[in-house]
Amino acid sequence: MQEFDIVVIGGGPGGLAAAYGLHARGMSVAVVEKDLWGGTCPNRGCDPKKILMAAVEAQGRAEALQGHGLASVPQIDWPALMAAKRAYTTKIPAGTHGGLEAAKIATFHGAANFNADGTLTVGDDQLNAANWIVATGQEPRIPAIDVAEWLNTSNEFLDLDNLPADITLMGAGYVGVELASIANAAGSRVHLVHHSDRPLRAFDGDLVNDLLDRLKAEGVDVQLNTTITTVAPADDQFKVTTAVGDSWTTGMVFATAGRKPVVDDLHLDRVNVVTTAHGITVNGNLQTTNPHIFALGDVVDRPQPKLTPVAGFEGRYLTQTLTTCDSPDIVYPTIPSVVYGKAQLAQLGVTTTEAAQAPDKYQVNDLDLTHWYSYQRIQDPHARIKVVVDRTSQHIVGAAVLSSEAEQVINYLDFVIENHMGSAEIGQTITAYPTLASDLTYFN
């Protein structure tokens, strides 16, 4: 039996933030990982996706400037783009594991499961700890349909040697919309199928509709209010059939209908840890129903967006909590969310839905940015922002943005909101002009 102060189960960004922080404070720490060291984000998630998206975004900008200074649109070289992605991702597992070893943090590779006595089994190793942190994240959810074994996930998409001429995506959430944008830009015929008429439900409905219109205009076959019921081999292709009887032949089918917490193999029931379909139940200290087991990141059942920076924030919080008596509950800052593509959809803070439910407290400024200089110069075909303003303070408290520049705008607004700035305070700053930052003074 090997003894530690803390054992972290999961070697992704959140678990590593906690492990390094606790180790730096003098605790004996071990990290357990059953898959790739570094976790989903750098290996099969946000980082490789954004490498592929770089070419998509560049192509989108060139398309917009046809007839406005550019005369041809670059084509995406998929094998070369994938080689660039792999040049980054192939180094992650060894680099992550090497960093832990260099720091003298113990590592164990293999599936972990709790025993009834509160210890942990990892392969042939038995571990015990004063406290535990579960940071196992999420994995793609495979829908229960006939012949589900023919389905692929974002894991396979982000490592395709060759992109099929036709692909089908089951689910229009973050993953489905982003993969649709990538595949369409790379020349594939894309079918994006969603079970309801309201994809990306957490985002502003008007801007979601605008985004879907953009995808349709770019050639994506968007099908709402239907589901795929069967996927069957058809020579070297697959025949897809929907609930309304439509069918087509496609090269690959990807399950993009969300993700699920990775908890099944842990046997958390043996150590009295309560879980739901959305993850592990925790209190304000990220403590589970077992007082010696904590959880962070995407595996936790909480309302905050399941994003890498949130997991890292929670890891740093647990570093403080597990080394300090009577720590206060975790308080999250404003958290921006972005759906990437040629058109980016972003939001943070008070949503337009929340503002509509409290009209005496909030006003919403709905601004068409298309003809603002910042967007006219790059010929953004339809840029729009909804800014939520507190009626009493006149401070910006939320925003939803759709444009090719949304990721940058939302980060500027994050700074504005966190610093409780209104038009008067913004007006006291001098930013480089003309830039996206210099537009801030006109949002409220």
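The model is predicted, and local features need pLDDT of at least 70, side-chain atom pairs count only at pLDDT 80 or more, while totals for chains, interfaces and linings use all residues. Residues are numbered from 1 along each chain as its sequence is written, and side-chain values use heavy atoms, with hydrogens and water left out.

**Exercise 1.** Determine where H23 is placed and which residues H23 is in contact with, leaving aside its neighbours within four places in sequence.

Solution. Begin with the element: H23 belongs to helix 1, residues 13-24, where helices (H or I, at least four residues) and strands (E, at least two) are DSSP runs numbered from the N terminus. Next, H23 counts as partly exposed because its relative accessible area is 26%; buried means under 20%, exposed over 50%, and partly exposed in between, with a 1.4 Å probe and protein chains only. Then list the contacts (heavy atoms within 4.5 Å): beyond its neighbours within four places in sequence, H23 meets V29, A103, K104 and I105. Finally, the side chain of H23 comes to 2.7 Å from the backbone oxygen of A103.

**Exercise 2.** Describe the backbone and the accessibility of K104, and then those of D326.

Solution. K104, one of the residues in contact with H23, sits in the loop between helix 5 (92-102) and strand 3 (106-109). Its phi is near 65°, which is positive in a residue other than glycine, and K104 is exposed because its relative accessibility is 72%. Turning to D326, the loop in question runs between helix 9 (308-321) and strand 20 (337-339). Phi of D326 is positive as well, at about 55°, although D326 is not a glycine, and a relative accessibility of 79% is why D326 counts as exposed.

**Exercise 3.** Find out whether N184 is buried or exposed, and which backbone oxygen lies 3.2 Å from a polar atom of its side chain.

Solution. N184 is part of helix 7, residues 174-185, and is buried because its relative accessibility is 14%. Apart from its neighbours within four places in sequence, N184 is in contact with V190, E218, G219 and V220. Among these residues, E218 supplies the backbone oxygen that lies 3.2 Å from a polar atom of the N184 side chain.

**Exercise 4.** Identify the residues with the most contacts inside the largest nonpolar core.

Solution. A nonpolar core is a set of buried Ala, Val, Leu, Ile, Met, Phe, Trp, Tyr and Cys residues joined through side-chain atoms within 4.5 Å. The largest such core holds 62 residues, and those with the most contacts inside it are F157, L192, L345, L413 and F443. Taking F157 as an example and not counting residues up to four places away in sequence, one finds that F157 touches W78, M82, L163, I167, L179, I182, A183 and F254.

How values were computed: A polar contact is a pair of N or O atoms within 3.5 Å; within protein, one must be able to donate a hydrogen and the other to accept it, and residues adjacent in sequence count only if both atoms are side-chain atoms.
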